[in-house]
Amino acid sequence: NKVIVFSTDSEKKLLATYPNLHNVELQAHSLDYFQPIHFYTATTKSGDQAVLTIGILGPVTLKKGEQALLALHAYLLRQNINWQIVIIGQASSQIQALQRVKVTGRYEIKSLDKLCEKANIDVFFFTSLCPETFSFSVSEIIAMKYPLLCFDLGAQADKVATYENGAVVDPEASAEHVFLALKRLAKLDTK
């Protein structure tokens, strides 16, 4: 018999609880269902043309980081920069009513890469405050080669910390810290 886990984070937590377990096997989920043909391409934007487009792969809920998004939004409103947030997926009516936030609503996975390309996303922010056990969304973003920021939690942090275009921040990080990390990953000179 084997105990199958889907991330090193899950394996660590399981072994911390059951240290005598010797039949744990790490087995990632298959991403065969997602075959993107459109990939992130860095664009040169500067001055007035530099609009930082932050992508969020929804749904955006309380557990999935709604408060972090609201804090980032409030911070960005006080800055003298060009920006927008594009949520690919669903969000609450409170989020949908925010300035400079576009919510696409439900989408089909086969069109995710095209939606991201059409939205001109520069960087993704995975806002979830739940330690994921695998994180399909993070895997899909990485498969499309987008820069990606997430909180230092669960499987998402395991993946993003080792991803060349990724960074992790403390879950208690300020909105300013999150913004600076996103800007660094996007490599944009926003004003």
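User: Start with the charges. How far apart are the mean positions of the positive and negative charges of the chain?

Analyst: They are 5 Å apart, taking the 19 positive and 19 negative charges of the chain. Keep in mind that this is a predicted model.

User: Noted. How many helices and strands does the chain have?

Analyst: Its secondary structure comes to seven helices and eight strands.

User: What box do the C-alpha atoms fill?

Analyst: Roughly 60 × 35 × 30 Å, along the principal axes.

User: And what share of the residues is buried?

Analyst: Of the 191 residues, 45% count as buried. The chain exposes about 10300 Å², and 51% of that area comes from carbon and sulfur atoms.

User: Let's go to helix α1. Which of its residues are buried?

Analyst: Helix α1 spans residues 8–17, and its buried residues are Asp9, Ser10 and Leu14. They cover an arc of only 130° around the axis, so they sit on the same side of α1.

User: Which exposed residues are on the face turned away from that side?

Analyst: Lys12 and Ala16 are the exposed residues carried there.

User: What covers the buried residues of α1?

Analyst: The cover includes strands β1 (3–5) and β2 (24–26), along with helix α6 (154–161).

User: Pick out Ser10. What does it touch?

Analyst: Leaving out residues up to four places away in sequence, Ser10 touches Val5 and Thr133. Why does Ser10 count as buried? Because its relative accessible area is 15%, and the cut-off for buried is under 20%.

User: New topic: Glu66. Where is it, and is it buried or exposed?

Analyst: Glu66 is in helix α2, residues 66–77. With a relative accessible area of 11%, Glu66 is buried.

User: Which residues does Glu66 touch?

Analyst: Not counting residues up to four places away in sequence, Glu66 touches Val60, Thr61, Ser92, Gln94 and Ile95. There is also a distance to note for Thr127: the C-alpha atoms of Glu66 and Thr127 are separated by 7.4 Å, while the two residues are 61 apart along the chain.

User: Now the backbone. Which residues does a cis peptide bond join?

Analyst: Gly58 and Pro59, with omega at about 5°. Pro59 lies in the loop that runs between strand β3 (51–57) and helix α2.

User: What is the phi of Arg100?

Analyst: Phi of Arg100 is near 60°, which is a positive value in a residue other than glycine. Arg100 is found in the loop between helix α3 (93–96) and strand β5 (101–103).

User: How accessible is Arg100?

Analyst: Arg100 has 41% relative accessibility and counts as partly exposed.

User: And what is the phi of Asn120?

Analyst: Asn120 has a positive phi of about 55°, although it is not a glycine. Asn120 lies in the loop between helix α4 (112–118) and strand β6 (123–126).

Methods: Residues are numbered from 1 along each chain as its sequence is written. This is a predicted model: local features need pLDDT of at least 70, side-chain atom pairs count only at pLDDT 80 or more; totals for chains, interfaces and linings use all residues. Side-chain values use heavy atoms; hydrogens and water are left out. Helices (H or I, at least four residues) and strands (E, at least two) are DSSP runs, numbered from the N terminus. Buried means under 20% relative accessible area, exposed over 50%, partly exposed in between (1.4 Å probe, protein chains only). Accessible areas come from the Shrake-Rupley method with a 1.4 Å probe; for residues, only the protein chains shown count as cover. Lys and Arg count as positive and Asp and Glu as negative; His and the chain ends are not counted. The place of a charge is taken as NZ of Lys, CZ of Arg, CG of Asp or CD of Glu. The arc is that of the directions from the helix axis to the C-beta atoms. Contact means heavy atoms within 4.5 Å.
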